[in-house]
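Welcome! Please keep the model open beside the text as you read.

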Amino acid sequence: MGPVRRRRRGGGARDGAPAPDGARGAAPLIALAGNPNAGKTSLFNALTGSVQQVSNYPGVTVECKEGTLRAGDRPYTVVDLPGTYSLTAYSQEEAVARDFLLNHPPGVIVNVVDATNLERNLYFTVQLLETRTPVIIALNMVDLAERRGIRVDHTALSKMLGVPVIPTVGSRGTGVEALAEACAGVIEGTHPVMPTQVRYGHVVDEEVDGLAETLGGLLPADARRAALWFAVKLLESDEPVSAEVARLAGPRAAELEAAIAAAVARMERHYDDDAATIVAERRYGVAAGAARQCVHITPQSRRDTTEKIDAVVCNRAAGPVILVGVVAALFFWVFKLSDEWAWIPWPGGWTSPTGVVEGCFEALSGLLDGLRPGWPMLHSLLDAALVKGVGGVLGFVPLIFFMFLFIAALEDSGYIARVAFILDRLLRVFGLQGKSIIALIVSGGLGAGGCAVPGVMATRTLREEKDRIITMLVAPFMNCGAKMPVYAVLIAAFFPDRRMPLMLLLWGLSWVVALCAAWVLRRTVLRGEQTPFVMELPPYHLPVPRGVLLHTAERTWLYIRKAGTVILAINILLWAVMYFPRPPANADGTAPSPSEAVAHSFAGRAGRALEPVTAAAGFDWRVNIALIGGFAAKEVVIGAMATVYAMEEDAEDADASLSARLRGAPGWTPLRAFAMMLFVMLYAPCVTTIAVIRRETGTWKWPLFATVYATTIAFILAAAVFQGGRLLGLG
């Protein structure tokens, strides 16, 4: 076997349904499947060289992602399936994984198994063996298992199951070369694999074999090797499988249905239990038996470090306090490192990372001054829309970078799964499902830095449709990374000495509003019972610096790319509607002031038209323009405000930062700034989130509802805070 090389494949994300085989070319297919938190995605990254997110909480890998592995001279397509405990499609991610394996049979399935929880993971392995597809077991996290005093005899396990078992440590790349070579060997036929046929005992086997023989004449040729699996699922009364087999049976459907009913009746009569429970117990028995023979626990396998830490971190009393402390520390270090501490050498002294970016854009703005006399419109476009508008957004790249850096470290350590555990009980009181926590955290619920788009997509792990919709509707209330620049500008302008407490307050408010909204929705438009959820806590890991930096760089680059494309386009559009039409000359022949020119423009007129309403929340026409732009993307709010104030050359200091301009602008007070932050936190999701909600729900009803009800809540609360503050003499 030649050397193994990995490379990243662009645009690999799939939306559940896989692309046709032809779209993948001739590259043979390798599917990675396994339980959540078995280290599947990190192993995928190690195989393909990709830099996808690796998160220690379930439900993030809700789409099939693919990359390319090169072994020898041949490329192989590697697909990372959603983590799942079963091939019974209760949730959407289970359905995605199962449909992929059955409808697009891969050359080999790499079953990623957590060595520290072998017995539980083998339950899924047994189901894979039932499909009769070639399987390779990646016995992952063997280093952690050994530290916990658990030794797995992988050779014995391989002989027992009839498949290769390769010890790996995905996060460090250990065993990846051997795994890649084994995959190539199985696909190329140099290392044939035939999984051991799973047996459940005489009575069950007899019924399974009988149904499989009947199905052999009904299933298409490419599905006949999974006839045993179909037979087991029919005995379990799996509804999607029953419907599919009935369709294939056609006129013989009634005959097949009678055979299934008779087989189920015989099993239940023999064991005095329902058939699904009988099959599940037998499957657990196979997994337990294999684990018992292959796992050796040393005397040193006593209470490990993870359990000791969890005793404190997940404590009912101490857990929430520690969580608030972690979030406070997160905000403290982000602001100190990105803006407050001058720790980078710079001409004339030292400056902060934010100061470096702002200095570069100030210098660029100075270079454009020469265009002003002869090319006023071009100067306005380049200086206001590009330098001031986009530069205002890019000025927060250091803040976003450090936010993503700390979030990635927390994810890789395993702490975020504990956050989900700590908040699970609280969320249930407000009518949310346990797994809703994951979507809220992904949306920015840990502190900030998330995004509502993957948050909405993470709701696919929820089994009940009403739970999914409620979570989709409240997830955008979390403080995503796009809202951070707005907070940073306003806090720097009006609360410079209270950055951390203000961010903590906004973080807490986002949770309060989301939970209250969920409580109301559960009891009004989306009544229904909540489904149970078992939270899994992965072991703690020491974050790997390379992985943390790769995840941070990828997320930060997405932010920069968005500022350079979508936000740039929107800023140019906003500049155009703020520049045209030009006002007529004054009666004395002089040109109107820049402020009057902006007010005369299309955007100025629209902003002023809304002023009678938005004045209740303290917003003037300039803020209205920015908030309208924020419907496209929340980052645009700052870009648009920077553009508005840049076009008003009568500002006190044209080179001052946006925070400084707002601080000196008439009408701006801390109370008004806080009302605006509250409104930005809660009002309509961005258009991308709206589109994803539409795709996930299959109707425009819910995205439109989300836009209207979120904006209504935002305006009512912002107006209440502003008017209440004025009554109290706060602004």
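## Where two helices meet

In α15, the residues Ser 380, Ala 384, Ala 385, Lys 388, Gly 389, Gly 392 and Val 393 meet Glu 635, Ile 638, Gly 639, Ala 642, Thr 643, Ala 646 and Met 647 of α28. Contact here means heavy atoms within 4.5 Å. Sorted by class, the contact of α15 with α28 has seven nonpolar, five polar and two charged residues. In this sorting, Ala, Val, Leu, Ile, Met, Phe, Trp, Tyr, Cys and Pro are nonpolar, Asp, Glu, Lys and Arg are charged, and the others, Gly among them, are polar.

Two packed helices are described by the angle between their axes and the distance between the axes. For helix α15 (residues 376-394) and helix α28 (residues 635-647), the axes come within 8 Å and cross at roughly 145°. Axes are lines fitted to C-alpha atoms, for helices over the stretch in contact, and angles run from 0 to 180 degrees between N-to-C directions. The crossing of α15 and α28 is right-handed; a crossing has this name if the near helix is turned clockwise from the far one by less than a right angle, and is left-handed if anticlockwise.

## About the model

This is a predicted model, in which local features need pLDDT of at least 70 and side-chain atom pairs count only at pLDDT 80 or more, while totals for chains, interfaces and linings use all residues. Residues are numbered from 1 along each chain as its sequence is written, and side-chain values use heavy atoms, with hydrogens and water left out.

The chain has 32 helices and eleven strands. Helices (H or I, at least four residues) and strands (E, at least two) are DSSP runs, numbered from the N terminus. Of the 731 residues, 56% count as buried; buried means under 20% relative accessible area, exposed over 50%, and partly exposed in between (1.4 Å probe, protein chains only). Among contacts in the chain with a separation of 6 or more, 74% come from residues 24 or more positions apart.

Helix α31 (residues 687-697) packs against helix α32 (residues 701-727) at an angle of about 145°, with the axes 7 Å apart. This crossing is right-handed. On the α31 side, the contact is made by Ile 690, Ile 693, Arg 694 and Thr 697, and on the α32 side by Trp 702, Pro 703, Ala 706 and Thr 707. These residues divide into five nonpolar, two polar and one charged.

## Rings and charges

How many aromatic pairs does a search of the whole structure find? There are 16. Rings of Phe, Tyr and Trp (its six-membered ring) pair if their centres lie within 6.5 Å; planes under 30 degrees apart count as stacked, over 60 as edge-to-face and the rest as tilted. The rings of Tyr 123 and Tyr 284 have centres 4.1 Å apart and planes at 25°, so this pair is stacked. Because Tyr 123 lies in helix α3 (residues 118-130) and Tyr 284 in helix α11 (residues 275-294), the pair ties together parts that are 161 residues apart in sequence. Tyr 123 is buried at 11% relative accessibility, whereas Tyr 284 is partly exposed at 48%.

Trp 575 and Tyr 579 also form a stacked pair, 4.8 Å centre to centre with 25° between the planes. Both lie in helix α24 (residues 566-579), four residues apart, about one turn of the helix. Trp 575 is buried at 6% relative accessible area, and Tyr 579 is buried at 10%. Arg 582 lies over the face of Tyr 579, 4.0 Å from the ring centre. A charge sits over a ring if NZ of Lys or CZ of Arg is within 6 Å of the ring centre and within 35 degrees of the ring normal. Elsewhere, ring pairs link Phe 477, Trp 702, Phe 705 and Tyr 709 into a cluster.

## Backbone details

Most residues other than glycine have a negative phi, and most peptide bonds are trans. Asn 37 has a positive phi of about 65° although it is not a glycine; Asn 37 lies in the loop between β2 (29-34) and α1 (40-48). Arg 132 likewise has a positive phi of about 65°, and Arg 132 is in the loop between α3 and β6 (135-140).

The peptide bond from Phe 580 to Pro 581 is cis, with omega near -5°. Pro 581 belongs to the loop between α24 and α25 (594-600).
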